[in-house]
Amino acid sequence: MLEGADVKGVITRTDLLEAMHDDLGRTKSFEGVVKGEDTPQGKVRNISELMKEILDARTRRVLATAGQVAEESGYRAYLVGGLVRDLVLRRRNLDVDLVVEGDAIEFSRTLSRRLKARVRPHRKFKTAVVILKDGFKLDVASARTEYYEAPGAHPMIERGSIKLDLYRRDFSINALAIRLNPDSFGQVVDYFGGLRDLKDHTVRVLHNLSFVDDPTRIVRAVRFEQKFQFRIGKHTEYLLKGAVKRGYLKRAQGPRLLNEILVILRSEKPIRGFDRLHELGILASLHPGMAFDSRTRKVFEQVERIHSWFQLLFLDEEPDVGEIFFNAIMLLRSAEVRNEILGLFHLSEPRQRSITARWDTISATMKELAYADEQPLSRIARLLDEVQTEDLLLIMSLTKRESTVKAVSLYLSRLRFIRRELDGKGLRQMGYPPGPIFRKVLQATQDARVDGVVNSLAEEKRWVRENFPLEKGQGKGKKGGGK
Ligand code: CTP
């Protein structure tokens with residue numbers, strides 16, 4: 001984003017020259033934006049009818065109240081971000097983001113009193129979250145108020161305007177706003193041609209330095225293109241490729257970058273998304289080991305098949321498929337390469353450790369499962385009890401062994417639900433004196449049940465008596481134990 005000394009410092013001379021001399025096409029200069037020229041709004045569009053159709057009554061009521069509160073405070077309030085874009089596309093989106101030209105925290109306090117809600121202010125960012133009694137959340141930010149001409153200089157602009165706020169956003173389709181004040185409720189604010197781009201199915205940046213300001217947007221461009229089946233605009237693609245070629249992605253904020261990659265992997269068509277990331281040179285520029293080669297692509301296809309199989313089990317469990325794809329890429333690489341790739345994302349120590357520990361568990365489990373054919377089911381169950389569902393699905397996708405697929409699928413569909421009926425109380429009733437032996441006996445009973453040696457509580461008890469006989473004198477006087 002066009003702010004702060006650190007960002008200015010990394011824009012190269014070439015970038016600036018290019019920015020000045022390129023055909024700007026429909027992009028606008030910052031000067032133009034702040035001076036208030038170039039408002040391609042043409043006729044004002046009011047979409048309050050669409051809001052009635054797409055938004056639920058509670059959200060509409062909250063938005064109307066926000067507009068009234070703004071009016072009373074002498075502010076202007078706007079609905080911004082993905083929800084506005086999705087409204088125009090007639091898609092549902094539950095993320096309500098507001099921007100006020102004024103003090104967001106003060107505004108949120110008044111609004112929360114009116115809505116009988118709680119407010120959580122973040123002073124540092126001049127933002128607040130309003131939380132309704134039923135958990136519904138509303139993010140409120142102040143329209144940005146400053147722009148620094150040069151590192152350390154005084155802010156050029158001290159007026160918080162919605163226009164400036166929208167200008168610092170990534171793409172025109174995400175830079176729309178809806179007025180909420182009662183006099184203009186439902187009017188679309190479209191300074192940068194977002195409505196036209198939604199109609200033309202185009203992902204377009206607002207200015208030539210957008211990818212330099214925030215290289216994460218390189219991946220986001222593909223994310224939105226794929227999500228809506230849009231196309232990255234010609235000039236935007238040219239800028240994107242330039243930024244990729246210059247290696248800007250390496251400067252992207254690591255955890256946010258990983259998050260954007262995961263969003264693509266969690267989308268409806270992750271393979272198509274990765275094909276596009278590959279085609280634009282984005283993956284290889286991150287790390288040569290990230291390239292979407294045919295081997296990785298095949299494993300992705302296998303992950304999709306296995307995930308579909310899992311969904312057909314109709315369990316109340318929704319695995320994070322993005323994690324499966326991500327770990328698939330990683331486990332197809334050498335330990336050295338995958339650690340280098342992980343390093344790009346600058347994750348916290350604990351998060352890195354937990355990711356590498358998972359890789360180790362997956363590899364070790366696959367090794368153990370190589371002998372699945374010769375092992376009792378209880379052993380397989382105990383082994384797989386320690387592995388999370390996502391990783392089990394990954395093992396099924398990665399393995400070349402039929403016996404491994406069979407063992408894991410049997411575990412996921414049946415073995416993991418088998419529960420012994422006998423418990424500690426039952427053992428006491430049978431006359432066993434409580435002690436460390438209980439754990440051993442109960443685990444053995446569980447194994448016997450998984451192996452099909454016993455199939456009912458009565459059989460479990462008989463089996464325990466036979467295999468863990470009571471010593472003489474034990475068990476006397478206890479009633480109700482056996483059947
Ligand atoms: N944004 C941006 N640059 C980024 C990240 C976010 O300009 N690198 C802005 C965009 O205007 C975006 C808003 O912040 O609309 C919210 O970001 P995010 O929640 O990531 O995206 P959404 O547009 O809400 O998309 P989705 O509905 O898919 O979550």
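The structure is a predicted model, in which local features need pLDDT of at least 70, side-chain atom pairs count only at pLDDT 80 or more, and totals for chains, interfaces and linings use all residues. Residues are numbered from 1 along each chain as its sequence is written, and side-chain values use heavy atoms, with hydrogens and water left out.

The chain contains 25 helices and 9 strands; helices (H or I, at least four residues) and strands (E, at least two) are DSSP runs, numbered from the N terminus. Of its 483 residues, 51% count as buried, where buried means under 20% relative accessible area, exposed over 50%, and partly exposed in between (1.4 Å probe, protein chains only). The chain exposes about 24,400 Å², of which carbon and sulfur atoms supply 50%; accessible areas come from the Shrake-Rupley method with a 1.4 Å probe, and for residues only the protein chains shown count as cover. Among the contacts (heavy atoms within 4.5 Å) with a separation of 6 or more, 67% are made by residues 24 or more positions apart.

The ligand is surrounded by 14 residues, the closest being D170, D214, R220, R223 and K227; a residue is near a molecule or strand if one of its heavy atoms lies within 4 Å of it. By class, this shell has 9 charged, 4 polar and 1 nonpolar residues. In this classification Asp, Glu, Lys and Arg count as charged, Ala, Val, Leu, Ile, Met, Phe, Trp, Tyr, Cys and Pro as nonpolar, and the others, Gly among them, as polar. Helix 6 (82-88) and helix 11 (216-228) each supply at least two residues of the shell, and the largest share, 5 residues, comes from helix 11. An oxygen atom of the ligand is 2.9 Å from an N or O atom in the side chain of R85. An oxygen atom of the ligand also lies 2.7 Å from a polar backbone atom of D170, and a nitrogen atom of the ligand is 3.4 Å from an N or O atom in the side chain of R217. On its own the ligand has 570 Å² of accessible area, and the protein covers 76% of it.

Most residues other than glycine have a negative phi. R90, in the loop between helix 6 and strand 2 (96-101), has a positive phi near 60°. Q229 is found in the loop between helix 11 and strand 9 (231-232), and its phi is near 55°. Q229 is exposed, with a relative accessible area of 57%.

Helix 24 (residues 437-450) has 14 residues and reaches 20 Å from its first C-alpha to its last, close to the 20 Å expected at 1.5 Å a residue; the expected span is 1.5 Å times one less than the number of residues. Since 10 of the 14 residues are buried, helix 24 is largely enclosed by the rest of the structure. Its buried residues include F438, V441, L442 and V450, and the buried residues pack against helix 20 (377-384), helix 23 (424-429) and helix 25 (457-467). Helix 24 is followed by G452, with a positive phi near 80°.

Helix 22 (residues 402-413) has 12 residues, and its end C-alpha atoms are 16 Å apart, in agreement with the span of 16 Å calculated at 1.5 Å a residue. The buried residues of helix 22 are S403, T404, A407, V408, S409, Y411 and L412. Their cover includes helix 16 (294-311), helix 19 (349-369), helix 20 and helix 21.

Helix 21 (residues 389-398) contains D391, which is buried, with a relative accessible area of 3%. The side chain of D391 makes a polar contact with the side chain of R358 at 2.9 Å. A polar contact is a pair of N or O atoms within 3.5 Å; within protein, one must be able to donate a hydrogen and the other to accept it, and residues adjacent in sequence count only if both atoms are side-chain atoms. Not counting residues up to four places away in sequence, D391 touches N327, R358 and I362.

T236, in helix 12 (residues 234-245), is buried, with a relative accessible area of 2%. Residues up to four places away in sequence aside, T236 touches V203, R204, V205 and F211. V212 lies in helix 10 (residues 210-213) and is buried, with a relative accessible area of 5%. V212 and V244 are 32 residues apart in sequence, with their C-alpha atoms 9.8 Å apart in space.
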